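Try each one before reading its solution.

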Amino acid sequence: MSEHSDSPGAGELSRRGFLKGFGAGTAAAGLVSPLALREAEAAERGGVLGPSPLPITLKVNGKNRSLNVEPRVTLLDALRNRLDLTGPKKVCDRGTCGACTVLVDGQPVYSCSMLAVEAEGRTITTIEGLGSPDKMNAVQKAFVKHDAQQCGFCTPGFVTAASAFVRKNPTASADEICQGLGGNLCRCGTYAGMLMVAADLAKSKGGA
Ligand code: FES
Ligand code: FES
């Protein structure tokens with residue numbers, strides 16, 4: 001029986017060696033994630049990432065924010081507990097309710113289900129980056145107009161997901177907007193108000 005080894009032979013290139021060499025020239029172009037490079041470097045030292053905190057930089061709402069996080073920390077906890085961005089809410093903490101929704105490179109993501117270290121090098125937008133009380137976007141205005149909330153815990157997630165949806169689908173019908181928000185739940189049952197929000201957004205073509 002021949003011996004099997006995962007070690008590369010002479011002239012072969014290990015995955016970590018490849019990532020390290022390839023990454024140096026391509027990280028800036030976004031082809032290799034900062035996390036993959038960190039993992040490659042840790043493996044090169046014969047270890048793994050963590051459990052000690054790592055210095056990372058997250059680009060949130062247009063600003064670079066530096067922080068130290070253990071690799072186990074979710075993006076949601078990093079935003080709320082380290083960066084004081086408490087718009088995204090921690091409700092189920094298991095990827096089912098959508099209250100923690102943020103945009104990562106413009107796509108809605110459950111931030112309770114993504115690690116902060118995975119988000120390095122990506123563009124993150126929270127509800128705080130979508131508008132302000134005196135300069136709300138069309139979705140925020142529609143939620144206020146139709147009083148589409150009760151306790152409000154689900155609202156930032158709904159507004160964030162809806163903002164991404166209508167930006168991507170500006171001619172969507174009210175039904176399509178409602179379907180596009182299928183990943184978000186409201187335990188207070190304020191869906192009647194949200195239907196009016198969807199109808200407004202459909203009429204105004206996403207508020208454009
Ligand atoms: S808190 Fe993230 S999906 Fe519910
Ligand atoms: S307003 Fe309370 S969970 Fe939606």
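**Exercise 1.** Find which strands the buried residues of H3 pack against.

*Solution.* Start with the residues themselves: in this predicted model, Leu-75, Leu-76, Asp-77, Ala-78 and Leu-79 of H3 are buried. Next, look for their partners. These buried residues pack against four named strands, S1 (54-60), S2, S3 (101-104) and S5 (123-125). Finally, step past the end of the helix: Asp-84 follows H3 and has a positive phi, near 55°.

**Exercise 2.** Decide whether Arg-72 is buried or exposed, and find the side chain with which its own side chain makes a polar contact.

*Solution.* First locate Arg-72, which sits in the loop between strand S2 (63-69) and helix H3 (75-82). Its relative accessible area is 61%. Exposed means over 50%, so Arg-72 is exposed. Now follow the side chain: it makes a polar contact with the side chain of Glu-70, at 2.4 Å.

**Exercise 3.** Describe how H4 and H5 pack, starting from their angle and the distance between their axes.

*Solution.* Helix H4 (residues 138-145) and helix H5 (residues 155-168) pack at about 135°, and their axes are 9 Å apart. The two helices are therefore oblique to each other. Their crossing is right-handed. On the H4 side, the contact is made by Val-139, Gln-140 and Phe-143; H5 contributes Thr-155, Phe-158, Val-159, Ala-162, Ser-163 and Val-166. Sorted by type, the contact residues are 6 nonpolar, 3 polar and no charged.

Terms used: Residues are numbered from 1 along each chain as its sequence is written. Chains are lettered from A and ligands numbered from 1 in the order in which they are written. This is a predicted model: local features need pLDDT of at least 70, side-chain atom pairs count only at pLDDT 80 or more; totals for chains, interfaces and linings use all residues. Side-chain values use heavy atoms; hydrogens and water are left out. Buried means under 20% relative accessible area, exposed over 50%, partly exposed in between (1.4 Å probe, protein chains only). A polar contact is a pair of N or O atoms within 3.5 Å; within protein, one must be able to donate a hydrogen and the other to accept it, and residues adjacent in sequence count only if both atoms are side-chain atoms. Axes are lines fitted to C-alpha atoms, for helices over the stretch in contact, and angles run from 0 to 180 degrees between N-to-C directions. Angles under 35 degrees count as roughly parallel, over 145 as roughly antiparallel, 65 to 115 as roughly perpendicular and the rest as oblique. A crossing is left-handed if the near helix is turned anticlockwise from the far one by less than a right angle, and right-handed if clockwise. Contact means heavy atoms within 4.5 Å. Ala, Val, Leu, Ile, Met, Phe, Trp, Tyr, Cys and Pro count as nonpolar, Asp, Glu, Lys and Arg as charged, and the others, Gly among them, as polar.
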